[in-house]
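This briefing concerns one protein model and is arranged by topic. Please have the sequence and the model at hand while reading.

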Amino acid sequence: MKTNLKLLKASISNISGMVKGLSVEQLNEIPEGYSNNIIWNVAHLVVTQKLLIYGLSGNELNLDDDFLALYRKGGKPNGEVGEEECKSIIMLFDYLYSELEQDLEKLDFGNFKAYPTSYNFEISNLEEAVTFNNLHFGLHFAFILKLKKSIAMK
């Protein structure tokens, strides 16, 4: 588990480094051929980590229902995200590791509801949830990188 947590921390740091310094317009831009944007991907990672690790273990997600609906799997941008909301999403994202680290000390993650992912991998415990979450982060790291390159090429 220690290695998985180190990888999660590195993933958050790498993605955060990619998005910091981008304008609100760049965060919201959906390049031709894409169905979402950088800020949607960042928010989606927040929602997915909460659903996989907290939701499947019966813990509170501490996210607004509208936020969950917009950024969960199958969601897509429904308009431009303003500057304050972009900042808020990035802050939530940056806090994911610290929050999980603290919550591992105080919450019960032992009651997992098995979940078959679309990757043909069933999550049945905390370590599998964190492992799958890291895989998911890697996929979206690549998406964000491609989006950023598409925006920069203009």
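Leaving aside its neighbours within four places in sequence, with which residues is N4 in contact? N4 is in contact with E127, V130, T131 and N134, where contact means heavy atoms within 4.5 Å. The model is predicted: local features need pLDDT of at least 70, side-chain atom pairs count only at pLDDT 80 or more, and totals for chains, interfaces and linings use all residues. Residues are numbered from 1 along each chain as its sequence is written, and side-chain values use heavy atoms, with hydrogens and water left out.

**Confidence**

- The mean pLDDT of the protein is 95, and 99% of its residues reach 70 or more; pLDDT is the predictor's confidence in each residue, from 0 to 100.
- Confidence is lowest in helix α4 (residues 65-71), at a mean of 95, and highest in α3, at 98.
- Helices (H or I, at least four residues) and strands (E, at least two) are DSSP runs, numbered from the N terminus.

**Packing of α1 with α3**

- Two packed helices are described by the angle between their axes and the distance between the axes.
- Helix α1 (residues 2-19) packs with helix α3 (residues 38-55) at an angle of about 160 degrees, and their axes are 11 Å apart.
- Axes are lines fitted to C-alpha atoms, for helices over the stretch in contact, and angles run from 0 to 180 degrees between N-to-C directions.
- The helices α1 and α3 are therefore roughly antiparallel to each other; angles under 35 degrees count as roughly parallel, over 145 as roughly antiparallel, 65 to 115 as roughly perpendicular and the rest as oblique.
- Their crossing, α1 with α3, is left-handed; a crossing is left-handed if the near helix is turned anticlockwise from the far one by less than a right angle, and right-handed if clockwise.
- On α1 the contact is made by L8, I15 and V19, and on α3 by I38, V42, L45 and Q49.
- The residues of this contact of α1 with α3 comprise six nonpolar, one polar and no charged. Here Ala, Val, Leu, Ile, Met, Phe, Trp, Tyr, Cys and Pro count as nonpolar, Asp, Glu, Lys and Arg as charged, and the others, Gly among them, as polar.

**Packing of α1 with α5**

- The axes of α1 and helix α5 (residues 83-106) cross at roughly 165 degrees and come within 9 Å.
- Helices α1 and α5 are therefore roughly antiparallel to each other, and their crossing is left-handed.
- The contact involves L5, L8, K9, I12, I15, S16 and V19 of α1, together with I90, F93, D94, L96, Y97, L100 and L104 of α5.
- By class, the contact of α1 with α5 has 11 nonpolar, one polar and two charged residues.

**Packing of α3 with α5**

- The angle between α3 and α5 is about 25 degrees, with their axes 9 Å apart.
- That makes α3 roughly parallel to α5.
- The crossing of α3 and α5 is left-handed.
- From α3, the residues I39, V42, A43, L45, V46, Q49, K50, I53 and Y54 meet C86, I89, I90, L92, F93, L96, E99, L100 and D103 in α5.
- The contact of α3 with α5 has 14 nonpolar, one polar and three charged residues.

- N4 lies in helix α1 and is buried, with a relative accessible area of 14%; buried means under 20% relative accessible area, exposed over 50%, and partly exposed in between (1.4 Å probe, protein chains only).
- E128 lies in helix α6 (residues 126-152) and counts as partly exposed, at 23% relative accessibility.
- N4 and E128 are 124 residues apart along the chain, and their C-alpha atoms are separated by 9.6 Å.
- The C-alpha atoms of E128 and M1, 127 residues apart along the chain, are separated by 9.3 Å.
- Not counting residues up to four places away in sequence, E128 touches F121, E122 and I123.

**Loop asparagines**

- N37 lies in the loop between α2 (24-28) and α3 and counts as buried, at 2% relative accessibility.
- Leaving aside its neighbours within four places in sequence, N37 is in contact with L27, N28, E29, I30, P77 and L147.
- N37 and K148 are 111 residues apart in sequence and 9.0 Å apart in space, C-alpha to C-alpha.
- N62, in the loop between α3 and α4, has a positive phi near 55 degrees in a residue other than glycine; N62 is exposed, with a relative accessible area of 60%.
- N120, in the loop between β1 (115-116) and β2 (122-123), has a positive phi of about 60 degrees although it is not a glycine; N120 is exposed, with a relative accessible area of 78%.
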